[in-house]
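Visitor: I have a chain to go through and would like a quick tour. Can we take it topic by topic?

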Amino acid sequence: MTAFLLACTLNGIVTGGIYFQDVNVCIQYRDKLNNQSYMKDDKPQVYECMCKLVPFVDTEKVKVY
């Protein structure tokens, strides 16, 4: 199955991802989560997300929403 991966990083470090069947749903989540920030030890922590096409996902091993 082809899916879209919502991949998110916190200051460049991968924090997780979730798979979607529909690119529009992936983009909606990306838009809500992307560029959120908070301060930790007087340094900004920036959360960045992107949607990426994944040509094959084994749905027996990975949940696709």
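Visitor: Of the contacts in the chain with a separation of 6 or more, what share do residues 24 or more positions apart account for?

Guide: They account for 54%, with contact meaning heavy atoms within 4.5 Å. Some ground rules: this is a predicted model, where local features need pLDDT of at least 70 and side-chain atom pairs count only at pLDDT 80 or more, while totals for chains, interfaces and linings use all residues. Residues are numbered from 1 along each chain as its sequence is written, and side-chain values use heavy atoms, leaving out hydrogens and water.

Visitor: Which pattern does the chain follow along the sequence?

Guide: The pattern is β-β-α-β-β, from 1 helix and 4 strands. Helices (H or I, at least four residues) and strands (E, at least two) are DSSP runs, numbered from the N terminus.

Visitor: How do strand 1 and strand 4 pair, and over how many bridges?

Guide: Strand 1 (residues 3–10) and strand 4 (residues 43–54) are antiparallel, over 8 bridges. Pairing requires that DSSP find at least two bridges between the two strands. Within this pair, Phe4 is opposite Leu53.

Visitor: And strand 3, how many bridges with strand 4?

Guide: Strand 3 (residues 36–40) has 5 bridges to strand 4, also in the antiparallel sense, and Tyr38 faces Gln45 there. These two strands make a hairpin with 2 residues between them. Asp41, in the turn, has a positive phi of about 55 degrees.

Visitor: How much of the chain counts as buried?

Guide: Of its 65 residues, 20%. Buried is under 20% relative accessible area, exposed is over 50%, and partly exposed is in between (1.4 Å probe, protein chains only).

Visitor: Back to Phe20. Where is it found?

Guide: Phe20 is in strand 2 (residues 13–20). Not counting residues up to four places away in sequence, Phe20 touches Ala3, Phe4, Leu6, Val25, Cys26, Tyr29, Val64 and Tyr65. Phe20 and Val64 are 44 residues apart in sequence, yet 5.3 Å apart in space, C-alpha to C-alpha.

Visitor: How many aromatic pairs are there?

Guide: The count is 1. Phe20 and Tyr29 are stacked, at 5.2 Å centre to centre with 20 degrees between the planes. Rings of Phe, Tyr and Trp (its six-membered ring) pair if their centres lie within 6.5 Å; planes under 30 degrees apart count as stacked, over 60 as edge-to-face and the rest as tilted.

Visitor: Why does Phe20 count as buried, and what about Tyr29?

Guide: Phe20 counts as buried because its relative accessibility is 4%. Tyr29 is at 44%, so it counts as partly exposed.

Visitor: Last one: which ring face does Lys63 lie over?

Guide: Lys63 lies over the face of Tyr65, 5.4 Å from the ring centre. The rule asks for NZ of Lys or CZ of Arg within 6 Å of the ring centre and within 35 degrees of the ring normal.
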